[in-house]
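Here are my notes on this model, as numbered points. Please read them with the structure open.

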Amino acid sequence: MSRKKTQSPLLIERILTGDKIAVSKAMSLIENDDPEAHSILDSIYDKTGKALRLGITGPPGVGKSTLLCELTLCIRKENEPVGIIAVDPSSYITGGALLGDRIRMQKIATDDGTFIRSMATRGNLGGLARTTFEIADLLDASGKKYILIETVGVGQSEVDIVNTCDITAVVLSPESGDSIQAMKSGLMEAADIVIINKKDRPGAEKLENELRSTFELRTGTSVRVPILKTNALLSEGIPAVLSEVKGIFSDMRKNGSLARRRRNNLKTKLCSLLQYNFLKAIKLSQKADRQMECLAEDVLCGKNTPYSDLDSLMVKFL
Ligand SMILES: Nc1nc2c(ncn2[C@@H]2O[C@H](COP(=O)(O)OP(=O)(O)OP(=O)(O)O)[C@@H](O)[C@H]2O)c(=O)[nH]1
Ligand SMILES: [Mg+2]
């Protein structure tokens, strides 16, 4: 099958050298669902796969952004380029850690080796996961060695996004009642590593013990998921997190689980691409619109119910 050629060879070239302006431009094309975005992604795809994609999720306010900043600074000390995707940027806008702590933020924002993209979750039905993958692909092809994706782990869609990373870090804090909730929810199932941030707050040890017994109960063995404690405000425990993440990644490479996970992630991504494009095609098709109109009429006059014809409807549209 012939691959579509992009209209912008120069743009592609600049993306691949990590040019920030070119990467930003391509991101806007992706977010605006511009027809050129697909050919750009198609052209750069064979340069992806080198970055470590780390999802950072957890209840609101546990310190994910602060931790992400510190982790970025730690990675940058090793001179590796970093891409950051913040999926719910509320804290970036309202003065949470990232914007609130200007010194920390400025260090990152003005650094040539770091690229930050904030993405709004609202008003992007079904497209958010797709866009996040695509932006991660773009950052990967542009030479970033680490891609850090922050999402608030409240809804399934945010957890899904993180599940498409190579490694998922779940961040909890002793002061957050949500952490107990998170332990019971699907969030913990996704964890490859758990970080108890705000270890300066009372209850960090207790939370750690609770987590260890939760994991033991579940697996019936001793703890498999590493649990680390940090104080992101004082940058304590961050090198240990980075080293643990690197260790997990290297083990995953060796034992084949990275390839398996990436294959699964790719299936999720294809499904999301199909879903998005299928819905878009239906919405834009006048023929589909007329068919819906007829079906609605049939339902209204009692010939059908909205559920009776689903199978034939799928066949029609597929
Ligand atoms: N005491 C203490 N405070 C911290 C620590 N890490 C972050 N904070 C503070 O906790 C608050 C929330 O931090 P953020 O980094 O915005 O948390 P978040 O999880 O990204 O928040 P959302 O993105 O809104 O869910 C800020 O006031 C931080 O300064 C820590 O280790 N100890
Ligand atoms: Mg945040």
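1. Start at the ligand. V62 puts a backbone N or O atom 3.2 Å from an oxygen atom of ligand 1. K64 brings a polar side-chain atom to 2.7 Å from an oxygen atom of ligand 1. For D200, a polar side-chain atom lies 2.7 Å from a nitrogen atom of ligand 1. The protein buries 81% of the 650 Å² that ligand 1 exposes when taken alone (Shrake-Rupley areas with a 1.4 Å probe; for residues, only the protein chains shown count as cover).

2. A caveat on the source. This is a predicted model, in which local features need pLDDT of at least 70 and side-chain atom pairs count only at pLDDT 80 or more, while totals for chains, interfaces and linings use all residues. Residues are numbered from 1 along each chain as its sequence is written, chains are lettered from A and ligands numbered from 1 in the order in which they are written, and side-chain values use heavy atoms, with hydrogens and water left out.

3. Now the shell. Around ligand 1 there are 18 residues, of which G63, K64, S65, T66 and D200 come nearest (a residue is near if one of its heavy atoms lies within 4 Å). The shell divides into 6 nonpolar, 7 polar and 5 charged residues (Ala, Val, Leu, Ile, Met, Phe, Trp, Tyr, Cys and Pro count as nonpolar, Asp, Glu, Lys and Arg as charged, the others, Gly among them, as polar). Helix α4 gives the most, with 3 residues. Helices (H or I, at least four residues) and strands (E, at least two) are DSSP runs, numbered from the N terminus.

4. Salt bridges next. The structure holds 19, each a side-chain nitrogen of Lys or Arg within 4 Å of a carboxyl oxygen of Asp or Glu. E78 pairs with K246, the closest N and O atoms being 2.8 Å apart. E78 lies in the loop between α4 and β2 and K246 in helix α12, so this pair ties together parts 168 residues apart in sequence. E78 is partly exposed at 39% relative accessibility, and K246 is partly exposed at 31%. Buried means under 20% relative accessible area, exposed over 50%, and partly exposed in between (1.4 Å probe, protein chains only).

5. R201 sits in the loop between β6 (193–196) and α11 (204–219), E175 in the loop between β5 (167–172) and α10 (178–184), so the bridge ties together parts 26 residues apart in sequence. R201 is partly exposed at 39%; E175 is partly exposed at 43%.

6. R261 and D192 form another salt bridge, at 2.7 Å from N to O. This one links helix α13 (residues 257–284), which holds R261, to D192 in the loop between α10 and β6, 69 residues apart. R261 is partly exposed at 26%, whereas D192 is buried at 15%. Elsewhere, salt bridges that share partners join R53, D137, D140 and K269 into one network.

7. Two backbone angles deserve a look. N79 is not a glycine, yet its phi is positive, about 70°. N79 is found in the loop between α4 (64–77) and β2 (82–86) and is exposed, with a relative accessible area of 60%. S235 also has a positive phi in a residue other than glycine, near 60°. S235 is in the loop between β7 (227–229) and α12 (238–255) and counts as partly exposed at 33%.

Technical notes:
A polar contact is a pair of N or O atoms within 3.5 Å; within protein, one must be able to donate a hydrogen and the other to accept it, and residues adjacent in sequence count only if both atoms are side-chain atoms.
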